[in-house]
Amino acid sequence: MSTGMSKMPVHQFQLPEGLKPVWNFHCQVHGIQYGVESCQSCLYEKERQQRRLGHRLEEFGLPDKCQAKTLDGFVIESPAHQSALDLAVQFANGDIRNLLMVGIEGTGKTHLAAGILNHLNNSGQYDCLYTTAERMLKAIRACYGATGDAEQRTFDFFIHPTVLIIDEFDKIKSGPDEVRIVSELIRDRDSYGRRLALIANGNLDRIRKRMDKSAADRMYENGKVNKAMFTWPSWRRRKAT
Ligand SMILES: Nc1ncnc2c1ncn2[C@@H]1O[C@H](COP(=O)(O)OP(=O)(O)OP(=O)(O)O)[C@@H](O)[C@H]1O
Ligand SMILES: [Mg+2]
Ligand SMILES: [Zn+2]
């Protein structure tokens with residue numbers, strides 16, 4: 001049976017327009033590849049890396065609308081703003097190990113938390129986690145009494161990150177069960193030397209009530225607790241200019 005194809009002489013094969021006659025490419029890592037102008041494995045690797053970077057802030061647990069917030073984008077309007085930013089920068093750089101951010105709604109606490117994570121991400125430190133206290137407790141409780149080591153693994157999930165930021169810390173109850181879990185977490189993280197930031201509305205007492213004495217003692221560093229007080233009016237209540 002004769003087909004049109006079989007009549008086409010091989011030597012008359014033409015490169016499609018726009019394609020350069022490059023027949024092989026030698027990549028130092030992946031070796032020789034044929035019919036391409038650049039290493040396909042390297043391209044794929046690069047693409048994957050970019051995708052990973054984009055997803056990382058999401059993996060950190062940061063809500064979408066916070067992902068664009070940066071430390072640079074935090075507008076300084078008073079000396080108190082400046083000291084809050086200074087503490088956030090020190091925490092991001094690892095100069096201080098624990099940080100409490102406490103105060104009025106809409107004053108930029110979560111903004112600074114996102115800024116810290118962005119800073120860490122940009123400097124190649126990916127071992128970070130942002131969570132709300134409620135989400136963390138739900139995850140740990142969901143595994144109560146689970147077979148195998150699921151309960152421990154869930155707890156470890158919050159112990160392992162070098163940097164953990166717990167937002168909405170005042171929104172959980174201050175009952176014995178909450179206090180026990182939170183205190184155990186603080187003690188465990190402290191014994192591994194890991195960094196922790198707690199964010200709450202209201203005053204310091206709201207934070208203090210949700211941990212026991214020994215956990216509260218571990219929040220001290222060089223004789224003091226690093227705390228940023230957010231006492232200015234809410235940014236959300238401003239009229240657009
Ligand atoms: N100093 C600031 N500079 C720039 N943007 C700010 C500043 N303060 C607050 N904002 C913006 O105002 C909005 C509310 O801030 P954010 O969510 O960080 O407040 P919050 O203190 O976490 O409030 P809440 O206690 O209710 O959770 C965000 O969009 C944030 O980017
Ligand atoms: Mg907030
Ligand atoms: Zn390659």
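Which of the 16 residues around ligand 1 come nearest? In this predicted model, local features require pLDDT of at least 70 and side-chain atom pairs pLDDT 80 or more, whereas totals for chains, interfaces and linings use all residues. Residues are numbered from 1 along each chain as its sequence is written, and chains are lettered from A and ligands numbered from 1 in the order in which they are written.

The residues that come nearest to ligand 1 are Gly108, Lys109, Thr110, His111 and Trp235, a residue being near if its C-beta atom, placed from the backbone, lies within 6 Å. Helix α4 (residues 109–122) supplies the largest share of the shell, three residues. The shell comprises four nonpolar, eight polar and four charged residues, with Gly counted as polar.

An open sheet of five strands has the order β4-β5-β6-β3-β7, with parallel pairing; strands are DSSP runs of E of at least two residues, helices of H or I of at least four, and pairing requires at least two bridges. Because β4 (128–132) and β7 (227–230) each have a single partner strand, one side of each is left without a neighbour in the sheet. Strands β3 (residues 98–103) and β6 (residues 195–201) pair over six bridges, and Leu99 has Ala197 of β6 as its bridge partner.

In helix α3 (residues 79–93), Ala84, Leu87, Ala88, Phe91 and Ala92 are buried (20 or more other C-beta atoms within 10 Å of the residue's own; exposed, 12 or fewer; C-beta atoms placed from the backbone). The face turned away from this buried side carries the exposed residues Pro79, Gln82, Asp86 and Asn93.
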